[in-house]
Amino acid sequence: MKATDLVITPSHLRFMNRKFPCSIGRGGISSRKTEGDGATPRGTHCLVGMLYRPDRMERPTDWALPIHTTDLWSDDPTHEDYNLMVRAPYLYSHEKLRRADPLYDLVILTNWNWPYPVKGRGSAIFIHRWRKPGHPTEGCIGLRAADLAWIAPRIRYSTRLIVL
């Protein structure tokens, strides 16, 4: 592991020799992630993108992409677009990326079950703002807004997410 890796334990994220409190999935950390289990998948994952709300914040890094009003994430395992970013209108099950709350104002995308998703292995694992301290996610990594804002401009494509 390198100091530039994001290293996750059940209680914190370590990055650049600093520790940040974090939330993980309600199902804990799992080596056998499945659809709907709420678990955060154990392993080493690549970071594959960053999305942000341009109406709520400055661009955190030059490779971050804006979230538009029609941007969605398909979470329907029966559809061919499962676990991919799609655009409205979209008739299948999905999550809105442009939310009324601030949860997805800044989202770091991982390669969990992407870009060639296997049905049943679970949808995307994002790094995003937490709802509140200690509140579990559906499998993603949640951080304080200020910590996420500090981390975002310092990560690179070579940064890995390592879930212990």
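N17 sits in the loop between β2 and β3, where strands (E, at least two residues) and helices (H or I, at least four) are DSSP runs numbered from the N terminus. Its phi is near 65 degrees, a positive value in a residue other than glycine. At 72% relative accessibility, N17 counts as exposed; the cut-offs are under 20% relative accessible area for buried, over 50% for exposed and partly exposed in between, using a 1.4 Å probe and protein chains only. Before going further, please keep in mind that this is a predicted model, in which local features need pLDDT of at least 70, side-chain atom pairs count only at pLDDT 80 or more, and totals for chains, interfaces and linings use all residues. Residues are numbered from 1 along each chain as its sequence is written, and side-chain values use heavy atoms, with hydrogens and water left out.

Is N83 buried or exposed? With a relative accessible area of 0%, N83 is buried.

Two loops hold another backbone feature. The peptide bond from A88 to P89 is cis, with omega near 0 degrees, and P89 belongs to the loop between β9 (85-87) and β10 (94-96). A cis peptide bond also joins W114 and P115, with omega about 5 degrees; P115 is found in the loop between β11 and β12. As background, most residues other than glycine have a negative phi, and most peptide bonds are trans.

Now turn to the interior. A nonpolar core here is a set of buried Ala, Val, Leu, Ile, Met, Phe, Trp, Tyr and Cys residues joined through side-chain atoms within 4.5 Å. The largest such core has 24 residues, of which L6, L13, I127 and I155 touch the most other members. At least two residues of this core come from each of several elements, including β1 (6-8), β2 (12-15), β3 (18-23) and α1 (145-151). β6 provides the largest share, three residues. Leaving out residues up to four places away in sequence, L13 touches L6, V7, I8, R18, K19, F20, C22, I141, L143 and I151, a contact being heavy atoms within 4.5 Å.

Helix α1 also holds W150, which is partly exposed at a relative accessible area of 21%. With residues up to four places away in sequence left aside, W150 touches F15, M16, R18 and F20.

Finally, consider the largest pocket. On a 1 Å grid over the protein atoms alone, a pocket is an open set of points where a 1.4 Å probe fits, with protein on both sides within 12 Å along at least five of seven lines, and lining residues have an atom within 4 Å of a point. Which residues lie nearest the centre of the largest pocket? They are E95, Y104, E138, G139 and C140, out of 28 lining residues. Strand β12 (residues 126-129) gives the most to this lining, with three residues.
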